[in-house]
Amino acid sequence: MSFEGPTPIPLSSNPVLSRRASCIPSDPANTVTDRLNLALNSSGPGFVLQLCPDETYLIQAPILFAAPNQEISTVGYPTDNSRATLAVSGPVANGQGHTTAIDGTCPNCSGAILRNIQINGTRAGAPPTAGGANIEMGGPNSNQLIEYVHSYDPRSWSCLHIAEGSLLCNNVVVQNNDIGPCGSDAFQQWADGISVSCRSAIVRNNMVKDPTDGGIVLFGSPGTLVINNTIWVENSTLLGGINMVDVVPWGGNYTGTVVRNNTIIGGFATDSKSASQNDGQNVDDVIIKIGIAIGPQTWFVDQFGANVSSSGTALNNSLTGAFGYGIAITSAQNFTVQGNLLVGNTSFIGSRGPNCSASNPTPASAAFVVGFANVTTSALQSGFQSVQDAKGLTCVLPPDGGDYWPYGGNPSSTSPTATPTSAKNSAKHLSSGAKAALAISIIVAVVAIIVGIIFARRWAVKRQLKNSSLRARVYRRSVKG
């Protein structure tokens, strides 16, 4: 009598074995960088480089897209922590070394797709390293797609960079990604969440947690739409939520650039609320210094002289939590800023820091501030407070302790309460406040939009799409932060 053992399960009917058989393994680690790059280089247009679920790839150099319409993804397109992880592991010495995991900026990389993977920059508290972002896409290319990617802890200045490519980049889509944490809030050790310098890009439905320089930074990027993104801080102070301040490389041209229906969440109290408290303490003293910054002087003071940010739009964005300033505008022309709201509980609690100008006044923290001396032909919503000087506002600091932070919730636990308040009632403590008068009908409509966005995002992040389509290096060492 013979014993043949159990009948083998065909590979095609075993999901786990099938997924493993179709991907490039992470071991041996000492050859994985070369094996991944060889696969891309030798396979031509349309090749899909499949990584294995639940595996970490210790790469020693960037993985380089090499031809049009290539894709890098995890087999099965998971959206959770089973996504393959590329860990930046090359050497670093004297502030130089390996910083970039994925590079899609080659001259022949139109249509490149990066989806459903994770990028660990492995900075792990070290000082920043000079070099590229965790992910470098864009370049002289069109129609790239980055989606369902988790990028965090970059060694250098950004978690995700869409480069301009001599101003030839266009039509990149960045959607449904979870970004951050990025950088440290220690002075000059910051990093962006998403940095975009590509014309006519779409940046939508991304969750950006604990960036420290800019949550979403637009380097002009004419024609770009930034919509339905959530930016929030829990453990690190952020200089700017959404920034339209950079002169290079587009000369401050924001024509057709629209920032709308985004949610920007500053710090909340981290202690338990008692019946007698309206506000509480935040264990890390976390705020967002400027929720939306418009104009180079808000950031760089006079570094760019008479240059301005021009012709952009900020519409129907929502701010909640603790800020230095909700929206700050100076050195801008032909901007439209309308329908932006404070929702839930807000506080404006930044105070002058040691790097604030000794000769120019720093305005008291408030919801909406504008330096009208150099803001021209712009349509601004009611509630903006005119200030004498709105330059270098990232110099403000959060208070050191105290019951100044509003109570609320972050999207990682519970969604922020979408109860609008007026700018007048939400300005507290160290703030002078702003006097925004908003009609009830508009408030109700915007709240409905916000709630719809929250539920739409939850659905979008859960679903799995199986068949969907340098920064100009203004090194922020001159920032007053």
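## Pairing of strand 30

Strand 30 and strand 34 (residues 366-370) are paired in the parallel sense over four bridges; helices (H or I, at least four residues) and strands (E, at least two) are DSSP runs numbered from the N terminus, and two strands pair if DSSP finds at least two bridges between them. Within strand 34, Ala366 is the bridge partner of Tyr325. Tyr325 in strand 30 also stands opposite Ile290. This is a predicted model, in which local features need pLDDT of at least 70, side-chain atom pairs count only at pLDDT 80 or more, and totals for chains, interfaces and linings use all residues. Residues are numbered from 1 along each chain as its sequence is written, and side-chain values use heavy atoms, with hydrogens and water left out.

Strand 27 (residues 288-294) runs parallel to strand 30, joined by five bridges. Strand 33 (residues 341-348) is likewise parallel to strand 30, with five bridges; there, Thr346 is the bridge partner of Gly321. Strand 25 (residues 263-265) pairs with strand 30 in the parallel sense over three bridges, and Thr263 stands opposite Ser318.

## Burial of strand 30

Strand 30 spans residues 318-329 and is mostly covered, with twelve of its twelve residues buried. Buried means under 20% relative accessible area, exposed over 50%, and partly exposed in between (1.4 Å probe, protein chains only).

Leu397 lies in the loop between strand 37 (385-386) and strand 38 (405-406). Leu397 counts as partly exposed because its relative accessibility is 30%.

Not counting residues up to four places away in sequence, Leu397 touches Ile287, Lys289, Ile349, Gly350, Ser351, Gly353 and Pro354, where contact means heavy atoms within 4.5 Å. The C-alpha atoms of Leu397 and Cys356 are 9.6 Å apart, and the two residues are 41 residues apart along the chain.
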